[in-house]
Amino acid sequence: MSLAAPGAWQKVRYRARIALRDPTTLIGLLAALLFAYLIIVPIVSLLIDAGRVQFGDERRIGSEPGAWTFYYIGRALFSPVAGNLFWSPLFNTLSVAFGAIGISLAIGGPLAWLVSRTDMFARRWFATALIVPFMLPGWTFALAWTTLFKNRSVGGQLGWFEALGLTPPDWLAYGQVPITIILALNYIPFFILLFGNALRRFDSQLEDSARMLGASSSTVALKIIGPLMLPALMSAIILAFAKCIGEFGVPYVLGLPVNYDLLATGLYRSISSRQTGVAAVLATAIMMIGMLALLVDARLVREARKFVTVGAKGAMARRSALGPLRVPATLFAALIFLLSVGLPLLTLVLSTVMRVPANFAWSNFTLDYWIGTNLDTVALRSGILLTPALWSAAFNTLWIVGIASVCSGLLGLLVGYVVVRTPVWPLAGFLRQVTFFPYMVPGIAFAAAYLSLFAVQRGPIPALYGTVAILMLALVADQMPYASRAGISAMMQLGKDPEEAAQVAGAGWFRRMIAVVIPIQKGALMTGVLLPFISGIKGLSLFVILAVPATDVLTTYSLRLVDYNYTQAANAVVLIIAAIAYFGTLLAQKLTKTNLADGLGS
């Protein structure tokens, strides 16, 4: 007598029982619940806030708090003040973004070609030196600009040019022009990294073959190199655009003195003035634009895979001889380095050791703003290194960002383990996507989402605003794209044999992780910790929304000094942040044996 074949439901139950016996299933389910709460729920809460009456607005709207309403959407998009709240900041944001991308493309594209495909002098040095702005906070260069060009439109110490008797006009000192220039200089590394990496891998044999068939240089550039490089170029443009949409520090320093708002600073104004509903609408708009840009980039990456070229390694490494243009090309690269790195950092350093701006007499130099006492300023009576507030902010920065980074690294490795090992493929797909989602949401909007969720008590979860917990949770969630990708990449390269040997010896799952997986993958774990740490040290968008004076970090402390017009002290703190970020990046490269100059994700 033959046995009946098992039905579909029996197969499902059998597979479910087998999956539940695998520890990765339970761990994956717990991780999925955790990240759903830390990433998806805040975004949903933000969307809900845009459509519900907020506390304090019930009289104005004529409904009870919590009732559904289109009031905030109407106010932000269609009311008489919509121009100031949304449309003008949106126009300014797009104008700055397109201008900055156009300038950075015009400069970064040729530089990418010079450092990747030519025999320019000091090519390897420039390949690293020109991406230094990528390692530093963007608003470092904004402070250098305002140190040079500040005029009497705002109080505080004179700018250098005005101290020399030259008064810069407002359009040069503040607003669209300086914001565009600073962001353009800050985004040049995107094109050197992404476009340069694509050029480095381009097969020179394709060019040789075309020339042998009689094609001119212009035909080779337009018909062969251009189409193959277009996806990488578009990816750099879109990533720079997505970054610009959520940029806060630069427009805050250079835009607010003349009321030139971008979406990010408009969102900050709305939160500061307790317009929670309008802030939710603005944050949603920023989030949607950022998500759309990165979805387009993902589509371009998929399209780029259709145009993969394979050739001899030697042919790919061959470089073009510049001939008589070698010296001018090197001078061009040196000029860009001077303008984007050398001059801003030198300006900041000199500003911290000068009593009077732009006075280069030896008697004008002093270390008082670093280590002096009994200064003649109103509130800051000691040099910045002798100020308790600095060390408190530094301590908060290191331990808050440090703990959040370690948690991100461990969770990223755990996510990678589950994604690669679990037999439940929908669970693996969900974890892969949900941990990447924060990358698609600009930081300022993500901070607003956390403020929306944790500003009040919700069920058993108390209100966390003003506590260290909300900063750590936001940092962990915000940095998961880096940590999870490092973990997934590492676990895909680790076979099951070491674990299976330990399992045969009687080791349980936890013991296998501690004794086998983590020691083998310590390099990936270090990457998953260091990248979030460096990003968190120089980050501003999350902290400026979620931090309070009791949880001050270096970035918010320096921004407050900017508000108080303590130029030397603010510049000194920014130099400290820049040094930590720069040397932290070098340490990460050394420990992980990678080179950022070889391309993102290398």
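Modeller: On a 1 Å grid over the protein atoms alone, a pocket is an open set of points with protein on both sides within 12 Å along at least five of seven lines, and a lining residue has an atom within 4 Å of a point; a cavity is a set where a 1.4 Å probe fits but cannot get out. This is a predicted model, where local features need pLDDT of at least 70, side-chain atom pairs count only at pLDDT 80 or more, and totals for chains, interfaces and linings use all residues. Residues are numbered from 1 along each chain as its sequence is written, and side-chain values use heavy atoms, with hydrogens and water left out.

Biologist: OK, which residues lie nearest the centre of the second largest pocket?

Modeller: I271, R274, L451, Y465 and I545, out of 44 lining residues. The space in there is about 1,200 Å³, taken as what probe spheres set on the points fill, with points joined across faces, edges and corners.

Biologist: Which helix supplies the largest share of that lining?

Modeller: That's α2, with six residues. Helices giving at least two each include α2 (23–49), α16 (276–304) and α22 (443–454); a helix here is a DSSP run of H or I, at least four residues, numbered from the N terminus.

Biologist: And what makes up the lining by class?

Modeller: The second largest pocket has 26 nonpolar, 10 polar and eight charged residues. Asp, Glu, Lys and Arg count as charged, Ala, Val, Leu, Ile, Met, Phe, Trp, Tyr, Cys and Pro as nonpolar, and the others, Gly among them, as polar.

Biologist: How many cavities of 30 Å³ or more are there?

Modeller: One. The largest cavity has a volume of about 70 Å³, and its lining, which includes K150, W160 and M354, has five nonpolar, five polar and one charged residues.

Biologist: Why are α5 and α18 called oblique?

Modeller: Their axes, lines fitted to C-alpha atoms over the stretch in contact, cross at roughly 125° and come within 11 Å. Angles run from 0 to 180 degrees between N-to-C directions; under 35 is roughly parallel, over 145 roughly antiparallel, 65 to 115 roughly perpendicular, and the rest oblique. α5 and α18 are therefore oblique to each other.

Biologist: What meets A329, F332, A333 and I336 in α18?

Modeller: I107, L111 and L114 in α5, with contact meaning heavy atoms within 4.5 Å. The residues of this contact are seven nonpolar, no polar and no charged.

Biologist: What about α20 and α21: left-handed or right-handed?

Modeller: Left-handed, meaning the near helix is turned anticlockwise from the far one by less than a right angle (clockwise is right-handed). The axes of α20 and α21 come within 8 Å and cross at roughly 145°.
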